[in-house]
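Open the model in your viewer and show it as a cartoon. The stops below go from strand to sheet to helices.

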Amino acid sequence: MSKPFISLCPEISRANALNLMDWLEDEGVTHYLSDSRHVSRFIEQVIERVQLPTLTHLFNQNGRFFMAYDRDDVPVGFVRLVKNGTDCEIVLVIGQRDNWGRKLGASALHEGMKLAFFDMRADKLIAKIHAENTRSIKAFVHSGFLLEQASPTLQSYAMTAQHYLQRLREGQLSGPSEIYITELDQARLRELVALEHDADVVDLEHEIERATVVDARQVQRNVVTMNSRALLRLDDEAMEVALVYPEDADDSAGKLSVCSGVGTAILGYKEGDAIDWRMPNRTCHIAIEKVLYQPEAAGDFSR
């Protein structure tokens, strides 16, 4: 059975807004949402007054709003992140009852944590949860959140950036699969991320930090390292690619920047691995069929 998969998309369309209204009319969904009526009125007013096909800027006025999609690109919920100084608060909803119990909430939480700490650079991520919402409390506690404050009706849980990185590096926040990176690649890629430091490298930074670091002379020959060439299947299309640094990228020659969607996706995976990865407009299904060349296997450690 495939592991739960959620991607968060910042673009909010009119169709998304209608989805949200449907979810917020379900008392089971809104039972533990303190501001659900306010949100419903806001969405209704937006739909009536604004005829634009994209409503992203309106939803992001008091925070950042993301639609949550499953691996079939079906919207299943939303995540809202609100920055307050160096802290960030998260609100997470899986909007359809038939998706409850599939661990999609935990997957959405992990994506929200990634954005809060790597993109918004929060020092602490906070979740305020109704005391009777045991399903949500369980998901947050399982992900490492600690109880900070409690009242008879509301409990506040928090995760610090330091604790998040520790759990990520120890493999306690499981990704789709374990990945590997050489010490040299890790050092160079961290330098790259520090220079870029924008939304385009959020996923790359996350992958670098969660990867298992290995000595270049001990990495398995079937792992995709920097400057490897591999045969992929991208959805139904076979393609041969080389994974390179941005300055060497050339799409026409199959040289993919590690900062690109597919480039970041395949880093550290090995032959036989299959990956679901969200591109700007859809989720791609990537299979690594064969590693054709790996510098480490060829004895090239001078990169």
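Start by selecting K128: its bridge partner in β7 is S156. This is a predicted model, in which local features need pLDDT of at least 70, side-chain atom pairs count only at pLDDT 80 or more, and totals for chains, interfaces and linings use all residues. Residues are numbered from 1 along each chain as its sequence is written, and side-chain values use heavy atoms, with hydrogens and water left out.

Next, select residues 124-130 (β5) and 154-160 (β7), which pair in the antiparallel sense over 7 bridges. Strands are DSSP runs of E, at least two residues, and helices are runs of H or I, at least four, numbered from the N terminus. Two strands pair if DSSP finds at least two bridges between them.

Then select helix α5, residues 104-119, which packs on the sheet and touches β1, β2, β3, β4 (87-94), β5 and β7. The direction of α5 makes about 155° with that of β4. Contact means heavy atoms within 4.5 Å; axes are lines fitted to C-alpha atoms, for helices over the stretch in contact, and angles run from 0 to 180 degrees between N-to-C directions.

Now show the whole sheet: 7 strands, open, mixed in pairing, in the order β1-β2-β3-β4-β5-β7-β6. Its edge strands, β1 (7-9) and β6 (146-150), each pair on one side only.

Finally, select α8 (183-196) and α9 (202-210), whose axes come within 10 Å and cross at roughly 150°. The two helices are therefore roughly antiparallel to each other (angles over 145 degrees count as such). Show Q186, L189, R190, L192 and V193 of α8 with L204, E205, I208 and E209 of α9, which make the contact.

Note on methods. Parallel < 35°, antiparallel > 145°, perpendicular 65-115°, else oblique.
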